[in-house]
Amino acid sequence: MAEVTCFCYHPSESVLHAIDARFKMACLIMMSLCIVNSGAWALAVLTAAFVALSRAARLPVIRLAGELRFFGLFLGFVFIARALSFPAPSDVTIMKVGISFPGLRDAGLVSWRLLLIVLCGFMFIAATKSSEIKRAIEWYCRPFPFIPGKRIATMIGLIVRFLPVIFQQIRETSDAQRARCIEQRKNPVSRVIRLAVPLIRRTFETADKLAVAMEARCYNEDRTAAGSFAAAPRDWLALMTVVGLCAVCLFRH
């Protein structure tokens, strides 16, 4: 059984947990779009809002930093690639490679945006049950008869439930490689490849076993309804707050 990771639902009685899943999903989409188009000032405001909400909801943000160490490698790669490809005259030269200050600033903003979007996704998953996420997706897809809403909701629900399993497999693979002294290799690319290949193989094998098990149990998309949504005043207040925050951030951008 997979251990509890940061990327799963964390029960709490906070206001964030009590908000309707449909409103939280709408807020997540608006926040992500706002982050993509925000500058440094707006990103600082949104980061402060994330920290405040995480503390209020008692989410394990510090433990999240440890589980995102591999995503940090990806951000480092994005930062370097963006800094080197930015079209501006070089201000400094390091090992015959020209780097501009505007390029460094742009690379930092891009990496900051990616990290903040991932953190917002973590907050949504940690404060929303996977069953509520599935129901919310079905509700949004219901007005469009040509979109298989139940199938999409089932797939996304399985992805959300699968995240702790993937993190557990990362932990097991890392422990197995650490026991074989893989950390003594100084080449970080080689270490990432030796982790990624078995991890991807195990993930696909687990997904294949899950699909076979679901077929064996005659699983289908038509499940018993788990109740209907009922929006409360706090849901509308949360939505209006996010709309206002995004408007201010985009206006100051």
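Predicted model: local features only at pLDDT ≥ 70, side-chain atom pairs only at ≥ 80, totals over all residues.
**Overall fold**

I began with the secondary structure and found 10 helices and two strands in the chain. Following the sequence, I wrote the order down as α-α-α-α-α-β-β-α-α-α-α-α. I then took the extent along the principal axes, where the C-alpha atoms fill a box of roughly 65 × 50 × 40 Å.

**Burial, contacts and surface**

I looked up burial next: 36% of the 253 residues of the chain count as buried. For contacts with a separation of 6 or more, I noted that 79% are between residues 24 or more positions apart.

**The largest nonpolar core**

I counted 43 residues in the largest nonpolar core, and the members that touch the most others are L46, L59, L116 and F122. I listed the elements giving two or more residues to this core: helix 2 (21-36), helix 3 (40-57), helix 6 (101-126), helix 7 (130-141), helix 8 (149-179) and helix 10 (233-252). Helix 6 gives the most, and I put its share at nine residues.

**Helix 9**

I checked the length of helix 9, residues 188-216, against expectation. At 1.5 Å a residue its 29 residues should span 42 Å, and the end C-alpha atoms are 42 Å apart, so the two values agree. The expected span uses one less than the number of residues.

I then looked for buried positions in helix 9 and found S190, L195, L199, T203 and M214. I traced what the buried residues of helix 9 pack against, and the partners are helix 5 (69-85) and helix 8. Just after helix 9, I noted C218 with a positive phi of about 55 degrees.

**I182**

My last entry concerns I182, which I placed in the loop between helix 8 and helix 9. Is I182 buried or exposed? I read a relative accessibility of 15% for I182. The cut-off for buried is under 20%, so I182 counts as buried.

Which residues does I182 touch, leaving aside those up to four places away in sequence? I found Q177, R191 and R194. For the pair I182 and R194, I noted a separation of 12 residues in sequence and a C-alpha to C-alpha distance of 8.8 Å. R191 and R194 are among the contacts of I182, and helix 9 covers residues 188-216.

Note on methods: Residues numbered from 1 in each chain as written. Heavy atoms only, no water. Core = buried A, V, L, I, M, F, W, Y, C linked by side-chain atoms within 4.5 Å. Buried < 20%, exposed > 50% of the residue type's maximum accessible area, 1.4 Å probe, protein only. Helix = DSSP H or I, 4+ residues; strand = E, 2+ residues; numbered from the N terminus. Contact = heavy atoms within 4.5 Å.
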